[in-house]
Amino acid sequence: MNTAVQILVSGLTLGAMYAISTIGLSLAWGAVGVLNMAQGGFLVIGGYAAYAGATYLGLSAPLALALSALAGAAVGAATYFFVIRFMLDCDNFETNVIIATVGLALIFENVILQAFGAYPLRQPVRIEGGVNIAATYVPYESIAILAASVTAMMAVAWVLARTRMGRAIRAVSQNRAAALLMGVPVNTVYLQVLTISGVLAALSGVMLSTITTLAPTMGYDPMLKAFIVCVVAGLGNMYGALYAAFALGILEASVQFFLGVRFGFPAMLLLIILTLVWRPYGVFGRGVTQRF
Amino acid sequence: MMRTRMPTTDGRSTGVADSSRRGFLKRAIGATAGAGAVLGSGMLAALNSQAKEAGKATNTKPIPIGAGVPLTGWAAADGIEFKRALEMSCGEINALGGILGRPLEPHFEDTKEQGADNIIPAMQRLIDRYGVHAIVNGYNTGAVTAEYDTIADAGIIYIHHNTDIVHHSTVGKNPKKYFGIFMGDPAEYWYGEGLLAFLNGLVKSGQWKRPNNKIAVVTGSQNYSVVIANAIKAKAKSYEWDLSLFETVVVPISEWGPTLAKIRQAPPAVIAVTHWVPQDLAQFMLQFTPNPTNSLVYMQYGPSLAAFREIGGKATNGVLYSTVIASLRDKIGEDFNQRYKKKFGPSASPLVAAQVYDSAHYYALAAAIAGGTGGPGEFDQNRKVADRLRAMIYRGVMGTTHFFVPEQAAIPYPDATNDPSLGMPHQYLQIQDYKKEPELIAPPPYQTASFKLPPWIKA
């Protein structure tokens, strides 16, 4: 019984971490075709912004979180203004964006390295303590990440489905040229998506860093796992991403216990291969997003 | 009985290379005759003074020496300490008159994320661009001696602290080619066997009563962790331990639930985690202590960094770890620790810097005894320097540096010699109060505190 609870708690914790890492990536990639390889860098900047706010400026936790969100918005908007904007009309837009954002990720990492050093830091913006469930200790942080990931995913899904901005994003996602002809401000849509993606990533970075610790390279692993979740779930389906994140978390924890920790990640990769063979658009995907 | 083993790359001991006290004494006597004394600074100053008086110190051209260390990338924090340490030691050596009147001039190249693709070009640039006579390094990972040929071709001296058992076989099998390459610290292999001996020592001395003979080993996927874990696995039986779990984790790892569930199914007397990343280890303790087993917890390297205690807080109290290379807490070590912090600030890490500091000093001493340094291509002169290094017994801030021959790697005490004057202390430390520095609990005569049962163990 205790072992089963432990595996479930570990699986949900991993799932929540994957889900919260995925939101920003899934939004930008699924909605407007921007596979932002600097997403991990957004997470890192968000985490360090909260750290700097709390440590150097003496901000309270809510204000430090607000500063982190602001930093995420600024980085997202800057990515649009200085990188994405110039590529919108280029051939091979999606490929160019991938390469450009890889470079951006390296810049982010080294800026953080120069500013804060490579030393791992404790995130001061956190919720202390935890609760025992069937002899398994569950930190409040894990519960907070789980709640935040579910809430944020649902909120983004609601915005995409029910709001004017969401409709504009979906229109651009389906056919950029047609959306432009219908009067949708396409450039503004890209700016909005990247800014929102930046805010979500930054807040995710704060929460993840309470478990994984602040370090300039802390974004790589969440980025990789988010990528896996997006591929398995399929693009543009927020609820699908949520289900996929938790399913993968529980699968990984189970494999780690029954087969060995070292087989957890290979099991996820195997699942990707099987998914791509079985459903090339992902388990919850509907088809290829086209852009002209 | 002195145990001087020559381990192989697979972690097995191939036998006794030079098991007799007589053999060691002969080397010690030879070294003393060659090195004169082990009071490095005083001796270097005396040699420089003698050279000056004899009119031999006429060449005052600076001697370029280098370091190819990670100044950016994930290990930059340590790389910066290596750079500082070389600058500090060069300054001190120059204040003593340099090497026979020639001042040392340090040059640096960044090995970034390390690996052979970064390390080899960095070493080549030090040789080609600056013509360095020696490379005195901290550590790099990922090249696994691939840079040795670059350095051997130039015929210069290279002292590093890669803590890599592969060095033993590479240099041991071809000592003529790699005559100038030294590993200034013991290989990681010794962590494994040393731990078993340390645990048995705790039992024998009555400081700890083990509840069973089980030891659970959790290793990361990097070579360093795997070699140590394999050494524990290979030697466990001979130290009367049974392996209850051998788990390899993929790093980075923050969720330890499945591993802890396995440990809790068959609680061992000792949990040995040979993965080394401090934040991952801190998470292990945060998840272990709310529902602990009656086990000692030993961890590799990570607890030596303040980040481990800062992140893990109270949960880190009681954790054991060890290091084969760090400055000591004695008068000599503490003097260095304080001077280093005074020079570079309270957040500087003298424990990490000590390796380069000591190596630069004994290199300078060996070169002075040998009659000077040699640049790239000056094989004969550098062979003389290497001869002096092989024979040297140097007491520095980390204890004694003395090399295995022909492997040219530092001998660990008490793992390979029971004479503290002939080996670098394999230090065992315990975090007893996470707000303070860890306590050095072994080996004698260097320990400054006694072992304490961790707070989660019921006596």
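In chain B, helix 3 passes helix 13 in a right-handed crossing, a crossing being right-handed if the near helix is turned clockwise from the far one by less than a right angle. This is a predicted model, in which local features need pLDDT of at least 70 and side-chain atom pairs count only at pLDDT 80 or more, while totals for chains, interfaces and linings use all residues. Residues are numbered from 1 along each chain as its sequence is written, and chains are lettered from A and ligands numbered from 1 in the order in which they are written.

Helix 3 and helix 13 (residues 350-369) of chain B pack at an angle of about 35°, with their axes 8 Å apart. Helices (H or I, at least four residues) and strands (E, at least two) are DSSP runs, numbered from the N terminus. Axes are lines fitted to C-alpha atoms, for helices over the stretch in contact, and angles run from 0 to 180 degrees between N-to-C directions.

Chain B also holds an open sheet of five strands in the order 4-3-5-6-7, with parallel pairing; two strands pair if DSSP finds at least two bridges between them. Strand 4 (104-110) and strand 7 (181-183) of chain B each have a single partner strand, so one side of each is left without a neighbour in the sheet. The twist averages 20° from one strand to the next.

Two helices pack on this sheet, where contact means C-beta atoms, placed from the backbone, within 7 Å.
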